[in-house]
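Please read it alongside the sequence and the coordinates.

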Amino acid sequence: QVQLVESGGGLVQPGGSLRLSCVASGFTFSSYAMRWYRQAPGKERELVAHISSNGSTNYADSRKGRFTISRDNAKNTVYLQMNSLNTEDTAVYYCYARAYNYPWNEYWGQGTQVTVSS
């Protein structure tokens, strides 16, 4: 059974930091690209960061320099380190996995809430 289980969300003050984790199971983690998405209330889901199986990364422009995505293939885990958080970062953050090969399976986690508020 495929699972992506996120953790690490919560309430943080503006300027603070959080580290999200996503533990994968049920598929060959090292063969999948991993991403973090987020969805704020009333808005569409948007890409936050991407990491390939070999560790190369890409970020949405507004998150460059503040967010860092990383992965540990030995632990089947992808991380999102978020620094200098502001209220606009408030959202549900989702972990996503996509295979490199046909049939290009893709999986979503259930999401973890991040709230930035004073």
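A disulfide is here a pair of cysteine sulfur atoms within 2.5 Å. The model is predicted, and a search of the whole structure finds 1 disulfide.

**Disulfide**
- Cys22 and Cys95 are joined by a disulfide, with an S to S distance of 2.1 Å.
- The two cysteines come from distant parts of the chain, 73 residues apart: Cys22 belongs to strand S3 (residues 18-25) and Cys95 to strand S9.
- Because the torsion about the S-S bond of Cys22 and Cys95 is about -80 degrees, the disulfide is left-handed.
- Cys22 and Cys95 are both buried.

**Nonpolar core**
- The largest nonpolar core has 29 residues, and those touching the most other members are Leu4, Met34, Trp36, Val78, Leu80, Met82 and Tyr93.
- Two or more residues of this core come from each of S3, strand S4 (32-39), strand S5 (46-51), strand S7 (67-72), S8, S9 and strand S11 (112-116).
- S9 gives the most to this core, with 5 residues.
- Not counting residues up to four places away in sequence, Leu80 touches Leu18, Arg19, Leu20, Trp36, Val48, Ala49, Phe67, Thr68, Ile69 and Tyr93.

**Tyr93**
- Tyr93 is located in strand S9, which spans residues 91-99.
- Buried means under 20% relative accessible area, and Tyr93 counts as buried because its relative accessibility is 0%.
- Leaving aside neighbours within four places in sequence, the contacts of Tyr93 include Glu6, Leu20, Trp36, Tyr37, Arg38, Val48, Phe67, Leu80 and Met82. Gly111, Thr112 and Val114 are also among them.
- The side chains of Tyr93 and Arg38 make a polar contact at 2.9 Å.
- Phe29 is 64 residues from Tyr93 in sequence, and the C-alpha to C-alpha distance between Phe29 and Tyr93 is 19 Å.

**Asp89**
- Asp89 sits in the loop between strand S8 (77-82) and S9.
- With a relative accessible area of 1%, Asp89 is buried.
- Leaving aside neighbours within four places in sequence, Asp89 is in contact with Arg38, Arg66, Phe67, Ser84, Val114 and Val116.
- Arg38 is in contact with Asp89 and with Tyr93; Phe67 is likewise in contact with Asp89 and with Tyr93.
- Val114 is in contact with Asp89 and with Tyr93.

Key
Residues numbered from 1 in each chain as written. Predicted model: local features only at pLDDT ≥ 70, side-chain atom pairs only at ≥ 80, totals over all residues. Heavy atoms only, no water. Helix = DSSP H or I, 4+ residues; strand = E, 2+ residues; numbered from the N terminus. Buried < 20%, exposed > 50% of the residue type's maximum accessible area, 1.4 Å probe, protein only. Contact = heavy atoms within 4.5 Å. Polar contact = N/O pair within 3.5 Å; in protein donor to acceptor, adjacent residues only side chain to side chain. Core = buried A, V, L, I, M, F, W, Y, C linked by side-chain atoms within 4.5 Å.
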